[in-house]
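Student: I am new to this structure. Please take me through one part of it closely, step by step.

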Amino acid sequence: MSLFGIGSRNQKTFRPKKNSPSGSKGAQLQKHIDTTLGSGNLREAVRLPLGEDLNEWLAVNTVDFFNQVNILYGTLTEFCTSSSCPKMTAGPKYEYLWADGVTVKKPIVVSAPKYVEYLMDWIEVQLDDEAIFPQKLGAPFPSNFQQVVRTIFKRLFRVYAHIYHSHFQKIIKLKEEAHLNTCFKHFVLFTWEFHLIDMKQLEPLQDLVESILQC
């Protein structure tokens, strides 16, 4: 995570950083991520390492991307308020309603900061559930694991979409645009590599996504 310059005085964590799954395998995969990101080759960094388990790779990276978005949004919490962002939008054409299927079954309109709060809470519940994200080395992943991961990534994308559409000028003033763009490029390449988000879901940032995929 430090590879992208995190630690500047403008950045703060929205909530405590999550650790990767424990055990030597999780640590090895995290080290591989850090090493390949350090090389500057993001396309290489997202590829499944030879001989590694896909679900373990998805699990470690899901925690990593959760932390990235967490820190990025942390730079904006004083600017993204219920007054400035009364709805969770990504430009005039896209509005996201909140539902988790458990406590909130019928989608509801909430402000952007409330949406992100609900989303991060929901992701943390998934990450902390050892029946979904096993902490012990060799423990089996559930049959619906990849579907859970897809839902997490689909919703994390919405935070990126909101940041770009509603707060990019503030990001520029904070001199964080290079960091944001690098994190988003990494996110897009990873989701594309493993088919985690449908192109239709990416429409709010379609031009940016296409430019990333073509370069």
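Tutor: Start with H195, which is exposed, at a relative accessible area of 61%. This is a predicted model, so every value here is computed from it. H195 sits in the loop between helix 6 and helix 7 (206-214). Its phi is positive, about 55°, although H195 is not a glycine. Most residues other than glycine have a negative phi.

K175 lies between helix 5 and helix 6. Phi of K175 is near 60°, again a positive value in a residue other than glycine. K175 is exposed, because its relative accessible area of 71% lies over the 50% cut-off.

Next comes helix 6 itself, residues 177-193. Take its partner helix 5 to begin with. Helix 5 covers residues 145-173. The axes of helix 5 and helix 6 come within 11 Å and cross at roughly 160°. That makes helix 5 roughly antiparallel to helix 6. The crossing of helix 5 past helix 6 is left-handed. Which residues of helix 5 and helix 6 make the contact? From helix 5 come F153, L156, F157, Y160, I163, Y164, F168, I171 and I172. From helix 6 come E177, L180, N181, C183, F184, F187, F190 and T191. By class, the contact of helix 5 with helix 6 holds 14 nonpolar residues, two polar and one charged.

Helix 3 is the other partner to look at. It spans residues 54-74. Helix 3 packs against helix 6 at an angle of about 155°, and their axes are 11 Å apart. Helix 3 and helix 6 are therefore roughly antiparallel to each other. Helix 3, too, passes helix 6 in a left-handed crossing. On the helix 3 side, the contact uses W57, L58, N61, F65, Q68 and L72. On the helix 6 side, it uses H179, L180, C183, H186, F187 and F190. Eight nonpolar and four polar residues make up the contact of helix 3 with helix 6, with no charged residues.

Zoom in on F65. F65 belongs to helix 3. Is F65 buried or exposed? F65 counts as buried, with 1% relative accessibility. Leave aside the neighbours of F65 within four places in sequence, and F65 is in contact with F153, L156, H186, F187 and F190. F65 and F187 are 122 residues apart along the chain, yet their C-alpha atoms are separated by 7.2 Å.

Last, the cysteines. How many disulfides does the structure hold? It holds zero. Take C80 as the example. The closest cysteine sulfur to that of C80 is in C85, 3.9 Å away. A disulfide needs the two sulfur atoms within 2.5 Å. The sulfurs of C80 and C85 are therefore too far apart for a bond.

Terms used. Residues numbered from 1 in each chain as written. Predicted model: local features only at pLDDT ≥ 70, side-chain atom pairs only at ≥ 80, totals over all residues. Heavy atoms only, no water. Axes fitted to C-alpha atoms, helices over the stretch in contact; angles between N-to-C directions. Helix = DSSP H or I, 4+ residues; strand = E, 2+ residues; numbered from the N terminus. Parallel < 35°, antiparallel > 145°, perpendicular 65-115°, else oblique. Left-handed = near helix turned anticlockwise from the far one by under 90°. Contact = heavy atoms within 4.5 Å. Nonpolar A, V, L, I, M, F, W, Y, C, P; charged D, E, K, R; others polar. Buried < 20%, exposed > 50% of the residue type's maximum accessible area, 1.4 Å probe, protein only.
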